[in-house]
Amino acid sequence: MTTRTDAPTRREQILREAARLFAERGFHGVGVDEIGAAVGISGPGLYRHFAGKDAMLAELLVGISDSLLTGAKRRLAEAGRVTGSGAGGGAGAGAEAVLDSLIEGHIDFALDDRPLITLHDRELDRLRDADRRMVRQLQRQYVELWVGVVREVYPAVAEPAARSAVHSVFGLLNSTPHLGRPGALPGRAGTAALLHRMARGAFAAVGAG
């Protein structure tokens with residue numbers, strides 16, 4: 001959701017404001033009229049774009065999981081890597097560079113889409129079973145892609161340990177909504193660099209046994 005450079009569509013504007021409001025006040029604390037007001041249309045006008053708040057929530061949570069996976073696959077493809085079966089193998093850029101690229105992509109999400117992290121933590125259980133299963137399926141594929149790359153960088157690390165390390169790093173990177181009030185941290189570039197060093201340090205610690 002952060003890779004577009006052209007103007008957002010009305011549908012994307014609605015989703016962005018819905019994510020912000022849901023994260024700030026909870027799914028049930030926000031009305032359709034308020035979301036409409038945030039984008040300059042009437043509440044009923046939202047129904048031309050979405051069936052209701054449940055549909056917005058599903059698109060937000062399924063959408064970000066799909067976007068993370070798609071972005072990670074694109075980064076591997078740009079590095080000349082072959083995706084599939086959870087591995088990042090194949091000829092191309094060195095595994096260290098690929099891991100750095102994956103970390104950078106997730107940091108972009110963690111810094112630019114903080115409301116979606118809060119939304120996922122608080123509201124995932126509100127999704128319909130089918131949508132929740134889709135989110136989990138996409139997330140598993142995303143994790144396994146990382147696991148394959150981590151094990152290239154640290155071949156001695158067993159698969160379960162690599163998977164645990166990936167989940168731990170996600171927890172670290174996804175802590176951004178709790179990092180403090182605006183202005184209490186370095187600028188975006190400084191925060192991104194700090195998160196990157198911490199992520200690589202966590203993987204190095206696992207690799208060191």
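A residue counts as buried when its relative accessible area is under 20%. Keep that cut-off at hand for this tour of a predicted model.

**Stop 1: serine 65**

Select serine 65. You are in helix H3. Is serine 65 buried or exposed? Its relative accessibility is 6%, so serine 65 counts as buried. Now show its contacts. Leaving aside residues up to four places away in sequence, serine 65 touches Val135, Leu138 and Gln139.

**Stop 2: leucine 68**

Move along to leucine 68, which also sits in helix H3. Leucine 68 has 16% relative accessibility, so this residue counts as buried. Which residues does leucine 68 touch, not counting those up to four places away in sequence? Select His106, Phe109 and Tyr142 to see them.

Leucine 68 and glutamine 139 are 71 residues apart in sequence. In space, their C-alpha atoms are 8.5 Å apart. Glutamine 139 was on the contact list of serine 65 as well.

**Stop 3: where H1 crosses H3**

Two packed helices are described by the angle between their axes and the distance between the axes. Select residues 10-25 for helix H1 and residues 53-78 for helix H3. Their axes come within 10 Å and cross at roughly 95 degrees. Angles of 65 to 115 degrees count as roughly perpendicular, so H1 is roughly perpendicular to H3.

Now show the side chains at the crossing. From H1, pick Arg11, Ile14, Leu15, Ala18, Ala19 and Phe22. Their partners in H3 are Lys53, Met56, Glu59 and Leu60. Colour this contact by class: seven residues are nonpolar, three are charged and none is polar.

**Stop 4**

Select residues 32-39, which form helix H2. Which residues of H2 are buried? They are Val32, Ile35, Gly36 and Val39. Turn the view to look down the axis of H2. The buried residues fall within an arc of 100 degrees, so they line one face of the helix. An α-helix has 3.6 residues a turn, so residues three or four places apart point the same way.

What covers these buried residues? The cover includes H1 and H3, the pair from the previous stop.

**Last stop: glycine 40**

Step past the end of H2 to glycine 40, which follows the helix. Check the phi angle of glycine 40: the value is positive, near 80 degrees.

Definitions and conventions
Residues are numbered from 1 along each chain as its sequence is written. This is a predicted model: local features need pLDDT of at least 70, side-chain atom pairs count only at pLDDT 80 or more; totals for chains, interfaces and linings use all residues. Side-chain values use heavy atoms; hydrogens and water are left out. Axes are lines fitted to C-alpha atoms, for helices over the stretch in contact, and angles run from 0 to 180 degrees between N-to-C directions. Helices (H or I, at least four residues) and strands (E, at least two) are DSSP runs, numbered from the N terminus. Angles under 35 degrees count as roughly parallel, over 145 as roughly antiparallel, 65 to 115 as roughly perpendicular and the rest as oblique. Contact means heavy atoms within 4.5 Å. Ala, Val, Leu, Ile, Met, Phe, Trp, Tyr, Cys and Pro count as nonpolar, Asp, Glu, Lys and Arg as charged, and the others, Gly among them, as polar. Buried means under 20% relative accessible area, exposed over 50%, partly exposed in between (1.4 Å probe, protein chains only). The arc is that of the directions from the helix axis to the C-beta atoms.
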